[in-house]
Every structure is written in C-alpha cells, then in structure tokens.
Amino acid sequence: MTATAPPAEPLPEEGLEIPCTEECLLRAGNTNCGGCGMSVGLTLLGRVLAEAGERCTLVIPACCGIVTAGGYPTTAYNVPVVASTFASAPAFASGIATVRDLNGESGQVICWAGDGGTYDIGIATLSAAAERNENLIYICYDNEIYGNTGGQRSSATPASARTTTTPRGKHETKKQIIEILAAHRIPYAATLSIAHPDDFQEKIRKALDISGFRFFLLHAPCPTGWKTEPAESIELVSLAVRSGVFPLIEVFDGVDYRINVEPDGTDPEKYLEKQRRFWGMGIDLDAVRSTIARRNRRLKKLAGL
Ligand SMILES: Cc1ncc(C[n+]2csc(CCOP(=O)(O)OP(=O)(O)O)c2C)c(N)n1
Ligand code: SF4
Ligand SMILES: [Mg+2]
C-alpha cells in the first residue's frame, strides 16, 4: 500500500477575497507571528484613521513592519507604503510631508519603525526631524529587540533580558527614548499600550488635530523574541502598565507631563516571570522595584502630582 496524501481540496472559485474595508490598515493574511503586538497596534491605528476619514502614507524602515508588507505585487497594507533604510525613514517622511503641505493636500505621513530603527540606527535623522518640528507622526513599536534579524539586543532591551547577543542577560538598562524626544520640545509625545485601546485611540485622535512632530512609543509584545505565549500578549503589557514597568504618559511641548494610568501596585515580578527571556538571570527584584518606584516618583513630579 502506498502512503499517498489525499488530494488537496480544490479552492473555491468564489469567496476567496478577504473583506477589506478602509478600516483595515493591516490586511488579513499577513505573515506576522501570532500574538504580535505590532499587528494589534497597526489595527488600532487603522481604526482611528478610518473613523477620522484620514488617508495616510506609511514610511517604514527595515524592521518586522516592512516584512509585513510581503512581496510585490501583493501587500498586506491597505495604504501607500514607502520602504526606507533605517537611517533615512524620518528624512523620507519629512520630504513627503513637506510636499503634501506645499501642495495643500490632506492626509497623514506616519513613520512606523521598530526600536532598533528608533533608539539606535535611525536616531540621528529622528532627532533632526524632531528638531525641525516636521509635520509628521512617528510611531515606534517597541518590541525591545532587533526582531526580524533573530532577536539581538537593542538599546530598548531591558536589563537582564536574554537575547541572541546577550545570552547571559543584558547588563545595561533601557534607554528612555520618550524623554529624549521630549527634550526636543516637540508638540506632542505619548506612550501607547495595546492593553489600553481606548487610551491608545484617544491619543492618536489627539495627534491628528496637532500639527508638527508627534511621537509615540508603543509597547509591542513579541512572543517570538520575549519567549512568551502568544495568547498572553495583552495580559503581559497590561501587567507592564499596572506595575509601572511601562508608564502611560503624555508630554505636551516637551515640558507638560500627564500620567494617564496610575500603576496599581502590581509587583513587576508578575510581568517578568511570564517571559522566558528573563528566566535564570538572577534578577534582583528589589532593585527592579526601586528603579520603577524612582522613575514613577520622577514622572509624578514632572506631572505636578
Ligand atoms: C544599517 C543596517 N544595519 C542592519 C540591518 C539589518 N537589519 C534589518 S532589520 C533589523 C532589525 C530591526 O530591528 P527593529 O528596528 O527593532 O525592528 P524589528 O525587527 O524588531 O521589528 C536589522 C538589524 C540593516 N537593514 N541596515
Ligand atoms: S518577530 Fe515579534 S515583532 Fe516581529 S512579527 Fe513576530 S511577534 Fe511581531
Ligand atoms: Mg524591535
């Protein structure tokens, strides 16, 4: 008896099209991993843009977000996308936004970049565009590693995390990019969490009504790199907000801080223990707790509380 596989079911002639509305910035059928926080972020962003009737052009440097687009002639994005090198994304976006404004056209120019492109390789042009107060939105989805090249450490990787280049855990702490952007005195900077979709969407709506440079930092769980369960992504980032690991804040004109969600006293251990990237790293939890408490005291002071 030969072990041949049964013939594949023929694909139906009709009904193959995945319904794709204006709302769907990120189309179904993309190749992102299950539980990817970046995918949820794109979906929430798409909803706000659709609800506001805003067109957008995405500028995406090398990162998982550009792999998402897929191979020509198909694409997982429902909007025009410019793929750029790491270092040039904010410069590309500046040019596109300037031409749009000179032509009196509408629509948003949105840079969608990873932490590697934002904190490290693209920071020179990011800083330059912020300093010029270019009329664009920059969203860094922060999965705290160089995800699509195999999970190397970036300067957004938190201390003690195991990555492919820090097999014994990272020694240095996470760079505070939001404060660096605030120091440019841009009109608006804010952090986003997919565990707080209302807050997320409200902040994007707010940004649509502001002109000039607007910066967002999105905490983007990455089950592949963080060694976590895809179904737990939302719970994880919720724990990050509740424990104060990832504060939800806004900064207006670089100086007026607002805390959007107060940490509720959840122990950061609950966040760390769910991620295998932290296992066996001998983390000093008291040091983690005091670092978080210190940062939150500082944020409260900045917010005048
Ligand atoms: C100048 C330069 N250095 C390195 C690379 C290789 N590279 C492509 S994507 C990537 C990782 C990007 O990490 P990040 O921006 O955090 O996005 P993620 O992959 O995590 O989504 C690297 C190192 C490159 N394309 N260009
Ligand atoms: S590697 Fe991480 S960021 Fe990249 S698609 Fe997979 S889950 Fe998303
Ligand atoms: Mg990354």
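## A predicted fold built around one sheet

Strand β4 (residues 137–142) and strand β6 (residues 214–219) run parallel and are joined by 6 bridges. Within this pair, Y141 has L218 of β6 as its bridge partner. Helices and strands here are DSSP runs, numbered from the N terminus: helices are H or I with at least four residues, and strands are E with at least two. Two strands pair if DSSP finds at least two bridges between them.

Residues are numbered from 1 along each chain as its sequence is written, and chains are lettered from A and ligands numbered from 1 in the order in which they are written.

### The sheet

Let us look at the whole sheet. It is open and has 8 strands, in the order β2-β1-β3-β4-β6-β5-β7-β8, with mixed pairing. At the edges are β2 (81–83) and β8 (256–261), each of which pairs on one side only. From one strand to the next, the twist averages 20°. In general, strands of a sheet pair through backbone hydrogen bonds, either parallel or antiparallel.

The table lists some of the pairs, each with one set of facing residues.

| Strands | Bridges | Direction | Facing residues |
|---|---|---|---|
| β1 (residues 56–60) and β3 | 4 bridges | parallel | C56 and Q108 |
| β3 and β4 | 5 bridges | parallel | I110 and I137 |
| β5 and β6 | 6 bridges | parallel | Y188 and R214 |

### Two enclosed strands

Why is strand β5 (residues 188–193) described as largely enclosed by the rest of the structure? The reason is that 6 of its 6 residues are buried. A residue is buried if 20 or more other C-beta atoms lie within 10 Å of its own, exposed if 12 or fewer, and partly exposed in between, with C-beta atoms placed from the backbone. In a regular strand the side chains alternate between the two faces of the sheet. Both faces of β5 are covered, with Y188, A190 and L192 buried on one side and A189, T191 and S193 buried on the other.

Strand β3 (residues 108–114) is also largely enclosed by the rest of the structure, because 7 of its 7 residues are buried. Here Q108, I110, W112 and G114 point one way, V109, C111 and A113 point the other way, and all are buried.

### Helices and a loop

Together, β5, helix α7 (residues 197–208) and β6 make a right-handed β-α-β unit. Right-handed means that, with the strands pointing away from the viewer, the path from the first strand over the helix to the second runs clockwise. The loop between β5 and α7 holds A195. This residue counts as buried because it has 24 C-beta neighbours inside 10 Å. Leaving out residues up to four places away in sequence, A195 touches I234, V237, S238 and V241; contact means that the C-beta atoms, placed from the backbone, lie within 7 Å.

Elsewhere, helix α3 (residues 89–102) packs against helix α5 (residues 123–131) at an angle of about 35°, with their axes 7 Å apart. Axes are lines fitted to C-alpha atoms, for helices over the stretch in contact, and angles run from 0 to 180 degrees between N-to-C directions. From α3, P90, A91 and S94 make the contact, and from α5, T125, L126 and A129. By class these are 4 nonpolar, 2 polar and no charged residues. Ala, Val, Leu, Ile, Met, Phe, Trp, Tyr, Cys and Pro count as nonpolar, Asp, Glu, Lys and Arg as charged, and the others, Gly among them, as polar.

### Around the ligands

Which residues are the closest to ligand 1? Of the 17 residues that surround this ligand, the closest are C63, C64, G114, G116 and G147. A residue belongs to such a shell if its C-beta atom, placed from the backbone, lies within 6 Å of the molecule. Helix α4 gives the most, with 4 residues. The shell around ligand 1 has 7 nonpolar, 9 polar and 1 charged residues.

Around ligand 2 are residues including N32, C33, C64, G147 and C222. Helix α8 (residues 223–226) supplies the largest share of this shell, 3 residues. The shell around ligand 2 divides into 6 nonpolar, 6 polar and no charged residues.

How values were computed: Predicted model: local features only at pLDDT ≥ 70, side-chain atom pairs only at ≥ 80, totals over all residues. Contact = placed C-beta atoms within 7 Å.
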